[in-house]
Each structure stands twice: as structure tokens, then as C-alpha cells.
Amino acid sequence: MYITMIASECAPVSKVGGLADVVYGLSRELEIRGNEIEIILPKYDCMRFDHVWDLNIFHKDLWVPWGNDAIHCTVWCGSVHGRKCYFIESHSDDNFFNRDQYYGYPDDVMRFSFFSKAALEFLLQANKHPDIIHCHDWQTGLIPVLLYENYTFQGMTHPRICYTIHNFRYQGVTGIDILSATQLGKPEYYNHPDRLQDNAHPNALNLMKAGIVYSNFITTVSPRHAFEARHTDQGYGLSDTLYAHQGKFGGVLNGLDYKLWNPEVDDLIPYNYTISNLEQKYENKNALRDKLLLRQEFKPIIAYVGRLDVQKGVHLIRHGLFYALEHGAQFVLLGSSPEASINNDFWNLKQELNDNQDCHIEIGFNEELAHLIYAGSDMIIMPSMYEPCGLTQLIALKYGTVPIVRTVGGLVDTIFDRDYSDKPLTARNGYVFHEADYAGIESAMQRAIGLWHSYPDQFRKLVMQGMQYNYSWHRSGQYYLDIYEMIQSK
Ligand code: ADP
């Protein structure tokens, strides 16, 4: 099958969160299975060019119709750790992709709508006719609309579209001026409850809803979250739309790319290890302490790695940090937020704890440090308010770091409580708690820290059980191929 991924992120070249890991990991799995894959991305100035090989101009003059005019673009082609990627560079005065950061600008909707249009225009002009276009999140929600309402009449009749939602909270809600910019026009047609009209704001359009309505199949990233999005407030206003389209909606658990995330071969950690030489993990613990100037103490290291977003339960992360320090553990935090108020809170916390040798707070995005934290920590916390899938807990398992998680979304599908799960004892792999309050997280942390201190052999057993889990892309890759085949045959 010939599959084109179109997304705003791809690991490790342009990564903000799990979306990037999924685009890379799924593409690799599909390619291993003999499919032809290419990935179309924006060419950002802030991307990691050190992860792109043989970057060359592929299409020098791509003119993308936009507003009353056309915008000149150049399409580059390069290899990102073996994946063929096309990068769209726009020469517009709007400077769409040269912003120092990937997201967080008032014109984000325009930027990514332009990217969506440019990606299709590129496929058209390069005479590419993939069997499947797989697009992701609100940033590419207009692609199915543009394809079926516009590009199909220019000869792009072949591709079918799979649309994956990684985060329902960000939907790309926007004014109707996007219709004139993309040349879709016809506001009275598109601003309709059955098409793009936002379910809460009748004068606004919703790009994620557009993706749901117009795609051949929609997935979200775990079976539990598919249920939550349909039946609880976690659909953020789109539950009714999902209901109307439920025949083409399902949950597929994300996999983890064990080529990038495997302590046995990870070259970003000083000591490689497997389940059979677990002692080496504790060399990484020493290395982590040395790097972050934590003192050598007989204590577990508890970590948080991830975006500092309300979604991730920032108040509980903060509480967990103090709980750890007061109950015989050290704490390491790596994260950042586009929201200034959250960032400032954690900067203040960093200052407050500056002299505490049991704690380190690192604000920013740092792939290399993330790997060392997964390898060197004993436990990781994920007290999420909602969590579509979560990759952090899957990475932690592979690195022998026990996840302490809240029972939401993909965390329910992947982590099974050591004391209370209905799984067999030997299949349990972490700690879970239900309520999003201090008592909830404390109950789980207390049990985890207690086991580490009082029953080290049992703790080690739990670590090894977690490492034995296989959450690779193997199974989920097959699910996606089944979906692609199904929508192709319709
Ligand atoms: P989300 O997609 O909601 O951000 P996931 O758990 O699905 O959360 O994926 C998070 C991914 O991003 C993981 O690979 C994690 O290691 C990485 N990550 C998040 N924040 C940072 C950071 N500040 N530095 C390095 N890696 C990070």
C-alpha cells in the first residue's frame, strides 16, 4: 500500500509530544511490513536539522493557491532515521513556519490550514496518488474537506483518508475567514451543523469536526479514550459529532517505537541494560544524580517527564513532588508549557527548591535528558486529568521505571495496579489511583515508595514484569492496515 502521513510533528525532527512519536513509529512499522510510506511536514526553522539526512530541494517552485493569490513554496526531501520526509517551506510574508516554536501563535489556524492546502497541492503537482492519506489532529483537519470538496475534481480521486485524533481539547476553532483563505468559499454551505460548524459557537468553524465529518475513518489513540470521547465530557463538545459518525470511529492503542526507546540499544544513556543485567540501570541512576547534582542517598528517584499542561494534572504533579521529598524519595521533573503562568509557577518552584539536593526541576524540552531520566529513575508519575493514550508510561515500563498513574484513557488500557488489579499477580506493572485529588495520588505514591523501601525484591519483580510488557507497534500497525484496507474497499 502507498501511504502518505501528513502531520505537524514527527519524532525526533519536530517534536512537541506523543503525536511526533506516533507519526514516526507507525510509519516505521508500516514500512517494515512492506508498504511505501512518505511523511509530509512543515519546514520549521526550529526543527532538529541534525536528525535529517540528505536534505535536498525536491520541488523548487510549488505555488499554493491562497486567498486571492498564490504563495510560493519550496518542497524539500530528506531522510529522518530512515523515513522519507517532505518538508514544505513557505516563502510567504506571513512567515508561517519560522517562529522559534511549533505552536502558540494567534494565527496557528491559518498556519496549519495553509500547510494542509500546501500538502495536497504538492501531491497534486507531483502527481502522487497515495492509496491512503493518514492525517493527525486539528492541524490537518481540513485535508479531507479540501480533498473531497476540491482536489477530487482536479483528478485526486484515489486516496482515502484515515484521521487520528491525539487530543480532543485542541480543535482549531476559528472564524469563517479560513474559507476564503483556503478558497473553499461557500460559507453558508460549510457553516452548517452537519459540516464544519462548531457545536458550541454557531458563528465559528471547527477543524477537528471537519476531519471527523469528512474522513473515511477516524481513530483516537486508545480504546478507553474512544469510549470517553463518545460518552463523557472528554470529547470536549464533539461527542454528538462522534455519535453521528460512530460507524467509522474507533480506538487503536498507540505503540511504542522500540528502536528509539529501548535501554538495550539507546545511545543517549551511558549504560545500556536489559532485564538480565538490571544492575546497569542503577549506574544510570548514579549518572542522573551526577548530572543533576542530586546527593547519593538510599532513596528512590521519582520523575515526571512531559508537557506541563492542565491536562497532565499540574497541581498533582506539584503535590507529588513535595510528597516524594517528605516521604523518603528524590524527585526529578522535566517539562515545559506554552502557558506563561504555568511555566512561571514551575520557575518559582525551581528557585524555591534550588538548594534541595533531593530535587531537580528542569524547565524546557530536552530529548537527551528525557532518556537519562527514564533510565535512571525508579518511578514516574502521571496524574493526568485526561490522557488519550500516553506514551510516557509505556517508555517508563520499557526502562524498568514503575509508572504511578491515574485511571484515565490509555493509562487504564496499559497500567495494572500491583495491589488491586484483576490481572494475575505476574501481569501487574504499576500503581494506579482514581480520584484527581491529593489523597488519590498520595495513596498510590505511598504504596510505591513503601514497596521500594521495605520490600526491594518485590519492587524489583514489579520492575521486571513491567519490562516484559510488549507495547510495540506490531499489533497496532496491523489494526491500522486493517482500517486502511477496509476504507479502500468501500
Ligand atoms: P503528550 O502527547 O500528551 O504530550 P505522551 O505521553 O503521549 O504525551 O508523549 C510525550 C512524549 O513527549 C514522550 O516521548 C516524552 O518523553 C516527550 N516529552 C514531553 N515533554 C518533554 C520534555 N520537556 N523534554 C523531552 N521530552 C519530552
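This is a predicted model: local features need pLDDT of at least 70, side-chain atom pairs count only at pLDDT 80 or more; totals for chains, interfaces and linings use all residues.
**View A. The ligand sits between two domains.** Domain 1 (2-255 + 474-489) and domain 2 (275-471) both give residues to the shell around the ligand, so that's why it ends up between them. There are 22 residues around the ligand, and the closest are Gly18, Arg307, Lys312, Gly364 and Tyr374. Sorted by class, you get eight nonpolar, nine polar and five charged residues in that shell.

View B. Look for Lys312, which has a polar side-chain atom 2.8 Å from a ligand oxygen. Thr392 also brings in a polar side-chain atom, 2.9 Å from an oxygen of the ligand. Gly364 uses a polar backbone atom instead, and that one is 2.8 Å from a ligand nitrogen. Overall, the protein covers 94% of the 570 Å² of accessible area that the ligand has on its own.

**View C. Arg169 pairs up with Asp309.** Side chains of opposite charge can pair when their charged atoms come close. Here, the closest N and O atoms of the salt bridge are 2.9 Å apart. Arg169 is in the loop between strands S7 and S8, while Asp309 is in the loop between S12 and helix H10, so the pair ties together parts 140 residues apart in sequence. Is Asp309 buried or exposed? It's buried, at 5% relative accessibility, whereas Arg169 is partly exposed at 28%.

**View D. Asp417 and Arg447 form a salt bridge.** Their closest N and O atoms are 3.0 Å apart. Asp417 is in the loop between helix H14 and strand S17, and Arg447 is in helix H15, 30 residues apart. Salt bridges with shared partners join Asp417, Arg418, Asp419 and Arg447 into one network.

Terms used. Residues are numbered from 1 along each chain as its sequence is written. Side-chain values use heavy atoms; hydrogens and water are left out. A residue is near a molecule or strand if one of its heavy atoms lies within 4 Å of it. A polar contact is a pair of N or O atoms within 3.5 Å; within protein, one must be able to donate a hydrogen and the other to accept it, and residues adjacent in sequence count only if both atoms are side-chain atoms. Accessible areas come from the Shrake-Rupley method with a 1.4 Å probe; for residues, only the protein chains shown count as cover. Ala, Val, Leu, Ile, Met, Phe, Trp, Tyr, Cys and Pro count as nonpolar, Asp, Glu, Lys and Arg as charged, and the others, Gly among them, as polar. Domain bounds come from an automatic or database domain assignment. A salt bridge is a side-chain nitrogen of Lys or Arg within 4 Å of a carboxyl oxygen of Asp or Glu. Helices (H or I, at least four residues) and strands (E, at least two) are DSSP runs, numbered from the N terminus. Buried means under 20% relative accessible area, exposed over 50%, partly exposed in between (1.4 Å probe, protein chains only).
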